[in-house]
Amino acid sequence: MRIQRFIVGRESEGMERYTPIFVDISGKSCCVVGGGRVAERKIKGLLHAEAQIKVISPKVTPTLQQLHHDSRIQWLDRSYRNGDLRGAFLVYAATDHSEVNTAVVQEAEDAGILVNDAISSERSTFITPSVVRRGRLSIAISTAGAGPVAAAEIRDTLEQQFGDEYETYIEFLYQMRMEVKARVSSPGVRAKLLRRLTEMNVLEKIRAGQFKWWTEEQIGDWISHNQEDM
């Protein structure tokens, strides 16, 4: 037992620790060096976030060629050069050449740019988690680079647990939050109303196919009725 404790303690000393955050990169310049399948996966995530994407690679996948043709990404048809990252908010070094990725990481770090090395998480200042998306709901899973396969398995489990009904549910909560903010001036009352919303059986009704979006009148009645109880 002592040996086990020693091993766990020793291994944890070098463990990378990351702060989980969600970053708004809409409209921001993001650079991907590389044009293979790994780069394609990174770019799909950036497209979902509506980033402005520049790809640097002498070759790209057919999918990336089509995205370039559709003007959804910018493609520089050449190898990476020092200085290519100027103005970028974040960077993916997604080639299969360690020396190229190392040069990209070095330039990014010198310029204070967030960078992810697809070959080595140890050289990355951020990592991309596995993500379950249901509309406005995003659930991110990370093993700090230790077990990508395990992270994917956990994602698959969560995808089954959090089905498509959560997209409708979270959208309902969002719309109600906007209405409550617009109609109720007291922050304290707002918080109580929003907490009361989560205590209702809306999710169960969505799953049963019995949910209907509330009208303006129904929303006003619900807010007025529940304010009276506070």
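How far is the sulfur of Cys31 from the closest cysteine sulfur, and in which residue does that sulfur lie? In this predicted model, the closest cysteine sulfur to that of Cys31 is in Cys30, and the 9.0 Å between them is too far for a bond.

**Cysteines**

- A disulfide is a covalent bond between the sulfur atoms of two cysteines.
- With a cut-off that asks for two cysteine sulfur atoms within 2.5 Å, the count of disulfides in the model comes to zero.
- Cys30 is in no disulfide, since the nearest cysteine sulfur, which belongs to Cys31, is 9.0 Å away.
- Cys30 counts as buried, because its relative accessibility is 0%, and Cys31 is likewise buried, with a relative accessible area of 1%.

**The largest pocket**

- The largest pocket holds about 1800 Å³ of space, and its lining is made up of 46 residues, of which Tyr92, Ile127, Thr128, Pro129 and Val131 lie nearest the centre.
- Several helices and strands each supply at least two residues of this lining, namely the helices α2 (37-48) and α5 (148-161) together with the strands β4 (90-93), β5 (114-117), β6 (130-134) and β7 (137-141).
- The largest share of the lining of the largest pocket comes from α2, which contributes seven residues.
- By residue class, the lining of the largest pocket divides into 24 nonpolar, 14 polar and eight charged residues.

**The second largest pocket**

- About 290 Å³ of space lies in the second largest pocket, which is lined by 19 residues, with Gly34, Gly35, Thr95, Asp96 and His97 the closest to its centre.
- Helix α2 gives the most to the lining of the second largest pocket as well, here with three residues.
- The lining of the second largest pocket consists of ten nonpolar, seven polar and two charged residues.

**Helix α4**

- Helix α4 covers residues 98-111, and its 14 residues reach 20 Å from the first C-alpha to the last, close to the 20 Å expected at 1.5 Å a residue.
- Within α4, the residues Asn101, Val104, Val105, Glu107 and Ala108 are buried, and because they cover an arc of only 165° around the axis, they are on the same side of α4.
- The face of α4 turned away from that buried side carries Glu99 and Asp110, both of which are exposed.

- Most residues other than glycine have a negative phi.
- Glu50, although not a glycine, has a positive phi of about 60°; Glu50 is found in the loop between α2 and β2 (52-56) and is exposed, with a relative accessible area of 56%.
- Ser71, also not a glycine, has a positive phi of about 65°; Ser71 lies in the loop between α3 (62-69) and β3 (74-76) and is exposed, with a relative accessible area of 66%.

- Ile56 lies in strand β2 and counts as buried, because its relative accessibility is 1%; the C-alpha atoms of Ile56 and Gln160 are separated by 37 Å, with the two residues 104 apart along the chain.
- Ser26 is found in the loop between α1 (2-13) and β1 (29-33) and is partly exposed, with a relative accessible area of 37%; the C-alpha atom of Ser26 is separated by 21 Å from that of Gln66, which is 40 residues apart from Ser26 along the chain.
- Ala182 is found in helix α6 (residues 165-183) and is exposed, with a relative accessible area of 66%; between the C-alpha atoms of Ala182 and Asn101, 81 residues apart along the chain, the separation is 49 Å.

How values were computed
Residues numbered from 1 in each chain as written. Predicted model: local features only at pLDDT ≥ 70, side-chain atom pairs only at ≥ 80, totals over all residues. Heavy atoms only, no water. Buried < 20%, exposed > 50% of the residue type's maximum accessible area, 1.4 Å probe, protein only. 1 Å grid on protein atoms, 1.4 Å probe; cavity = no way out; pocket = protein on both sides within 12 Å on 5 of 7 lines; lining within 4 Å. Points joined across faces, edges and corners; volume = space filled by probe spheres on them. Helix = DSSP H or I, 4+ residues; strand = E, 2+ residues; numbered from the N terminus. Nonpolar A, V, L, I, M, F, W, Y, C, P; charged D, E, K, R; others polar. Expected span 1.5 Å × (residues − 1). Arc of directions from axis to C-beta.
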